[in-house]
Amino acid sequence: MNTYDLIMKKREGSVLTREEINYLVDGFTNGQIPDYQMAAFLMAVFFRGMNYEETATLTMAMADSGECLDLSGIEGIKVDKHSTGGVGDKTSLIVGPILASLGVPVAKMSGRGLGHTGGTIDKLEGIPGFRTSISKSDFIKQVNRIKLAIVGQTANLAPADKKIYALRDVTATVDNISLIAASIMSKKLAAGADAIVLDVKVGTGAFMKTLEDARELARTMVAIGTMAGRNTTAVISDMNEPLGNAVGNILEIEEAIECLKGNGEKRLMKVSKVLACHMLLAAQKAYSIDEADKMVEEVISSGRAFEKMKEFVAAQGGDTGYLENTERFNKATLLAVVTGKDLLQAKEPFKKQNQAYLFACNNQEIGMASMILGGGRQTKDSKLDLTVGICLKKHLGDLIKEQEEIAVLYGNDVHKLKEAKKRFINAYTLSEKEHFSNKMIYEIIAKKDL
Ligand code: URA
């Protein structure tokens with residue numbers, strides 16, 4: 001077997017065997033196959049695709065390239081969740097404490113973000129004292145004791161994915177369904193949970209721009225999880241505008257706390273509750289969505305979910321005083337307010353009007369505005385400014401008036417703030433009439449739907 005022949009085989013559109021895929025993944029991970037050959041192979045996959053079986057084989061080879069976590073020391077059905085990523089997505093911080101307060105063990109390994117905002121681990125680091133790295137035995141003990149632990153991904157979890165993702169990132173081969181599915185599922189399978197609930201985002205702020213593509217990604221990942229013997233469900237949810245009101249690391253922690261106290265923005269709460277309900281079903285703690293929904297409502301309204309968040313933060317060394325009084329969190333020093341007038345003035349047909357509806361949003365651009373402020377990474381070594389971000393006061397479908405605030409941008413550099421504000425304003429489209437469908441959840445895909 002040689003790499004040149006395998007690149008050629010995929011370039012011609014043929015199906016690769018298990019041995020051939022394993023040869024490529026093993027060879028690249030141990031340095032025998034150089035970057036330029038793997039890059040050519042990835043581009044061949046980008047154009048020719050992989051069938052379900054090839055994608056599942058690629059996933060397993062990547063999962064097996066490093067350590068596979070053994071969570072058998074944790075009692076009960078362990079359920080993991082994963083989002084394909086978007087702007088303002090802080091659902092893990094909401095769903096984790098909800099599930100744990102209902103007795104479901106959540107042993108989560110999370111990544112850092114590359115792109116517009118940080119990942120869950122970056123956000124948690126906004127809580128003074130919080131430790132994102134704990135020993136494996138403490139991790140397991142903590143989940144047995146309080147049902148929740150969230151730590152950073154170890155370097156040895158699916159190292160093949162780490163190497164391949166870095167190459168995809170610089171060779172325009174990220175947005176391919178097979179490669180995304182294999183990348184996500186290799187890490188989820190290696191992380192050892194019994195059941196997996198996936199949040200597949202669709203829209204202008206997501207990898208998948210159309211429902212058709214999101215459905216295909218969801219089906220591929222559910223098929224891989226099922227083949228690997230893990231109960232896997234995918235929720236397809238909207239990412240055509242930021243999720244909730246906050247974009248930016250500390251701002252998102254504050255918003256997650258508000259959600260756990262029962263004061264969450266409605267679209268963010270909707271998707272968090274749907275994910276929590278499907279996790280409860282997978283954990284066999286509830287047997288219908290109605291029953292699960294009541295359980296979720298109860299732990300939020302009784303304060304149990306917020307108490308669990310405090311217990312979890314304390315267990316990992318964080319100062320819970322910040323959760324009790326979010327005013328204590330570090331804030332960026334400069335503010336820029338975006339008003340209705342700013343938006344109306346920037347859009348030619350609305351210049352002379354004093355109101356309009358927020359019609360559409362290029363959500364990727366909102367993410368870019370947050371990144372310019374310093375809230376996201378331009379390269380994997382960039383240092384995040386956890387204090388910056390955007391707080392939305394209006395959402396798609398809302399009527400906006402000249403004097404109203406649409407958003408507040410938080411920054412520490414006047415030039416960046418100016419650039420981010422411009423980018424934010426350009427991201428929106430207005431309309432004269434109200435005609436907006438505010439759909440949050442599009443579809444649920446499970447084994448029975450394959
Ligand atoms: N998230 C991942 O972990 N991998 C991808 O390829 C895309 C999103």
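Mentor: Helices (H or I, at least four residues) and strands (E, at least two) are DSSP runs, numbered from the N terminus. This is a predicted model, in which local features need pLDDT of at least 70, side-chain atom pairs count only at pLDDT 80 or more, and totals for chains, interfaces and linings use all residues. Residues are numbered from 1 along each chain as its sequence is written, and side-chain values use heavy atoms, with hydrogens and water left out.

Trainee: How many residues of helix H5 are buried?

Mentor: Buried means under 20% relative accessible area, exposed over 50%, and partly exposed in between (1.4 Å probe, protein chains only). Helix H5, residues 91–101, is mostly covered, with 11 of its 11 residues buried, including Ile98 and Leu99. Just after H5, Gly103 takes a positive phi of about 85°.

Trainee: Which residues does Leu409 touch?

Mentor: Contact means heavy atoms within 4.5 Å. Not counting residues up to four places away in sequence, Leu409 touches several residues, among them Leu334, Leu335, Ile390 and Phe424.
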